[in-house]
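Let's take a walk through a protein model together.

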Amino acid sequence: MSNPVFKGFAAQSRLVRIPEVFFQEILPELDDMDEMRVTLYSLWYLERLEQPVKYLHVSDYMRDKALMRSFGGDPETHLMAGLHKAITRGTLLCLSLIHI
């Protein structure tokens, strides 16, 4: 089965802001597709949020079927690997919540 040919971006497509530093410092160093997917998804998701404090939970990534499908086999493992690399690089920050 061949992949369908992309027909281009619709004129009315919503634009997503990506910080310039992504192209200057992060992109040249990225060598892992899992990290690339997680990073781009995070920038897109956070841009859409209208709340003052913007964050994602692991479940936010996992709910997106298109994202999870993009990882291929064993998507949860690929997601966690991408998150780990983005957090290690400092592109994403990680906060652990402890319920008492």
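A residue is called buried when its relative accessible area is under 20%, and exposed when that area is over 50%. Keep in mind as we go that this model is predicted.

With those words in hand, look at two tyrosines: Y41 and Y61 are both buried. Y41 has another buried tyrosine to go with it, Y45. Y41 and Y45 sit four residues apart in helix α2, which is about one turn of the helix. Their rings form a tilted aromatic pair, with 5.9 Å from centre to centre and 35° between the planes. Because Y41 belongs to helix α2 and Y61 to helix α3, the pair ties together parts that lie 20 residues apart in sequence.

Next, find helix α5, which runs through residues 75–89. Its 15 residues reach 21 Å from the first C-alpha to the last, close to the 21 Å expected. Which residues of α5 are buried? They are L79, G82, L83 and A86. Viewed down the axis of α5, the buried residues fall within an arc of 100°, so they line one face of the helix.

What covers the buried residues of α5? The cover includes α2, α3 and α4. On the face turned away from the buried side, α5 carries the exposed residues H84 and T88. After α5 comes G90, whose phi is positive, near 95°.

Our last stop is D32, in the loop between α1 and α2. Is D32 buried or exposed? Its relative accessibility is 18%, so D32 counts as buried. The side chain of D32 has a polar atom 3.0 Å from the backbone nitrogen of D34. The D32 side chain also makes a polar contact, at 3.2 Å, with the side chain of K85.

Conventions
Residues numbered from 1 in each chain as written. Predicted model: local features only at pLDDT ≥ 70, side-chain atom pairs only at ≥ 80, totals over all residues. Heavy atoms only, no water. Helix = DSSP H or I, 4+ residues; strand = E, 2+ residues; numbered from the N terminus. Expected span 1.5 Å × (residues − 1). Buried < 20%, exposed > 50% of the residue type's maximum accessible area, 1.4 Å probe, protein only. Arc of directions from axis to C-beta. Contact = heavy atoms within 4.5 Å. Phe/Tyr/Trp six-rings, centres within 6.5 Å; stacked < 30°, edge-to-face > 60°. Polar contact = N/O pair within 3.5 Å; in protein donor to acceptor, adjacent residues only side chain to side chain.
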